[in-house]
Amino acid sequence: MASGVSTAAGLRLDHVSRTFRRSGGDLVRAVDDVSIDIPAQQFVCLIGPSGCGKSTLLQMLAGLQPINSGEISMGGQPIAGPSPERGLVFQRDSVFPWMRVIDNAVYGLASRGVDKQTRLATARHYLGLVGLAQWERSWPRELSGGMLKRVAVATVFANAPKVLLLDEPFGALDYVTRLQLQRVLLNLWGESRPTVVFVTHDVDEALLMSDRILVMKGGRVVDDRQVSLARPRVVESLALAEAVAHKEALLLHLGLQDLVDERLARV
Amino acid sequence: MSSRVSRLTSVGVLLGLAIAWQIASVLITAESVPGEPMVPGWQMLFTQTFMMLSDYWLGGFGVAGIAQGGDRTYAGAILAVLSNSWDTSLRLVAGLLLGAFVGVVAGLAVSWSAWSRRLVALPGQVLRTFPLLALIPLFELWFGLTFLGMMLFVAYGVAVIFFTGTVNAVRNVSPIYVQYARTLGASRLRVYRTVILPAMFPELRSSILLGVGVAWTAVVGAEFLGAQTGLGQIIVYSKYFGYVDRMFLVGLILLAYAALTFAAVERISRPLTIWMPGEFADQPAVTEVAVVEPQRATPAIGRTAVLE
């Protein structure tokens, strides 16, 4: 089992761009000359207003979208196309509805030719860690949205990726479920420590989870903030001075100038 | 509880139709030839007409055929129905399996790669638009009145339906499943086997039912043209002599077979769709449409046969 052993690899983005042609015919630079270095095992949150290019960038990291110019490398090797070394958790439900929970959880391992005993043991280990040990024979239609996310997270972790990419994974969930899943994800991350790139539009989520927050706007990275709040973080951590400072800066980036002005006026 | 009510309603409607037919047989006195009513009643169909089917028993199993000087018997009639059904079914099943396989593979090829799409997509769309029944004489000239020719004709009719159905069903598979599988390390072949095929099956099911209906149309149509055996051949010979009752009885037998095959498709596909939400209240909506096909095809084919 992968527990305790990290296989993480760092990511390096070198002048990466991605251009779309809109249906109107004009070109849009969704990702514009982005260069970032992400060391192995770092938990990075990518935050920005909708349409800022953060999801496009994540899809490029996953190898699901072509890179128009520049290069993305993982552990020193340029990436080409999707790979099980870069696991992806989608915003929408991606769990296969035609497979039982356990068959979903072993899917990546089976795809890579891992023998049946090992893959079952690994999948059960991770299903246990996300709290779905009792549900392995269930069909996805019998599970709630939050449970489906747990299946997806367990499936990706069972595959022992070097890099874990998450595209607003908990965006569609209710507040309590989201907090629970953040905890689940952090526990799993603490166990095997892959490098994480987590796209979100939720400032609190970013502050609770990440080592580093990258802010994107108009296809560019406009801010790069180190978060050194002690772990494990709890909801109260958000009231610490460092968190408040980060939050103010992030809200400014997200366009909430008025809200910040109002707060400053009251101080 | 409501499923029981709806089943009772269905049985009631069927009974009503049977009674209406019987009333019509009394009211309508027209005859195709003397002694052959246009609307034969049930009392005639299940006795005299059924016995007459022994005309199509060629002899064997200790029951002599009419051509060998045997009498018309119920045993002969039963053997005639069984042996002709067997011949028709073999042609149907062989053509259906071949056509389904070719159609699905060609349909998958459209999405497999740019090259396979170029090779298959346009020819597939062109072949699809040929009117099936107009091709019967062509197949007859190419293959003669052989098993191979009839099987290929059925296969053609079925393949174009499965092709269209597969292309459409693949297109409607959500790309997120394919992307998820690929980021988990699945090869392209594995994506097709474990994602595309199961995900498209519910959508393909209507094409399967449609294909089975067309297979019955095609096999009976192919037999109209001069097969020596088969249920379609009985219908065409009956037509020459104005035996409306025999045509109707064979039509009923075909109807029963078609219903059985639809039920079989439902049965076989159930375990393949057990994962779907709300899969326990499904209706075989296509059944009625497809069963009507063989009968509707009769006049057009009959005319072609006469011209030959």
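Helices here are DSSP runs of H or I with at least four residues, and strands are runs of E with at least two, numbered from the N terminus.

## Model and confidence

This is a predicted model, in which local features need pLDDT of at least 70 and side-chain atom pairs count only at pLDDT 80 or more, whereas totals for chains, interfaces and linings use all residues. Residues are numbered from 1 along each chain as its sequence is written, with chains lettered from A and ligands numbered from 1 in the order in which they are written.

The model scores ipTM 0.91 and pTM 0.83. The mean pLDDT (the predictor's confidence in each residue, from 0 to 100) is 84 for chain B, with 90% of the residues at 70 or above. Within chain B, helix α7 (residues 175–183) has the highest confidence, at 95, and helix α11 (residues 287–307) the lowest, at a mean of 33. Over residues 280–308 of chain B, pLDDT stays under 50. Where pLDDT is low, predicted coordinates should not be read in detail.

## Contact between the chains

Chain A brings 21 residues to the contact and chain B 15, two residues being in contact if their C-beta atoms, placed from the backbone, lie within 7 Å. On the side of chain B that touches chain A, α7 gives the most, with 6 residues.
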